[in-house]
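Hello,

Here is the structure I promised to pass on. Please have a look at it first, and then read my notes below.

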Amino acid sequence: ACVCFFSSSLLEGFEFSSPYYGQYLTCLNCIGLAVLVVDIWFRHELRRNAESPSHTRTSRSQRLMKPVILFSTILAVENIARVTVTPDPTSVVLFSSLFKPLILFYASSKARDALEALRRILRIVLRVLLME
């Protein structure tokens with residue numbers, strides 16, 4: 001899903017003479033959305049079947065579940081609107097692409113660790129700056 005989303009981001013905003021440019025972009029986004037939906041469904045089913053009633057702790061990927069679902073819905077609506085309103089564009093910019101890094105944080109635990117470390121460092125830096 002990450003590869004499809006980020007490779008479609010590479011195609012956005014450029015003017016291509018290919019008549020299939022919009023179809024390539026839509027296809028990459030749809031493949032990424034399909035993989036993402038299947039992953040979310042699998043995680044939901046596994047969590048539902050494996051969770052005990054007293055289990056209250058949620059993982060970091062579970063906390064990102066709702067924003068990822070919101071992003072995927074917005075991206076799907078934007079792709080459908082682009083296909084129906086402008087079927088043959090020469091240059092496409094999808095504004096929901098701004099939130100594509102959210103998928104990287106959802107998929108990769110190392111990216112979530114890096115984001116957590118950055119958040120901690122920023123808190124310390126802000127505390128030091130406010131003290132001085």
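**What I found**

Ser72 is buried, with a relative accessible area of 10% (buried means under 20%, exposed over 50% and partly exposed in between, using a 1.4 Å probe and protein chains only). Ser72 sits in helix 4 (helices are DSSP runs of H or I with at least four residues, numbered from the N terminus). Apart from neighbours within four places in sequence, Ser72 is in contact with Leu33 and Leu36, where contact means heavy atoms within 4.5 Å.

Before going on, a word on the basis: this is a predicted model, where local features need pLDDT of at least 70, side-chain atom pairs count only at pLDDT 80 or more, and totals for chains, interfaces and linings use all residues. Residues are numbered from 1 along each chain as its sequence is written, and side-chain values use heavy atoms, with hydrogens and water left out. The average pLDDT (the predictor's confidence in each residue, from 0 to 100) is 76, and 77% of the residues score at least 70. Confidence is lowest in helix 3 (residues 60-63), with a mean of 65, and highest in helix 6 (residues 109-131), at 87.

**The core**

The largest nonpolar core has 13 residues, and Leu36 and Phe71 are among those with the most contacts inside it. Such a core is a set of buried Ala, Val, Leu, Ile, Met, Phe, Trp, Tyr and Cys residues joined through side-chain atoms within 4.5 Å. Helix 4 gives the most to this core, with four residues. Not counting residues up to four places away in sequence, Phe71 touches Phe5, Ser96, Phe99, Lys100, Leu102 and Ile103.

**Helix 6**

How many salt bridges does the structure hold? There are two, a salt bridge being a side-chain nitrogen of Lys or Arg within 4 Å of a carboxyl oxygen of Asp or Glu. Glu116 pairs with Arg119, their closest N and O atoms being 2.5 Å apart, and also with Arg120, at 3.5 Å. Glu116 and Arg119 are separated by about one helical turn, because they are three residues apart in helix 6. Arg119 is partly exposed at 42% relative accessible area, and Arg120 is partly exposed at 49%. Leu129, also found in helix 6, counts as exposed at 57% relative accessibility.

Best wishes

Methods. Helix = DSSP H or I, 4+ residues; strand = E, 2+ residues; numbered from the N terminus.
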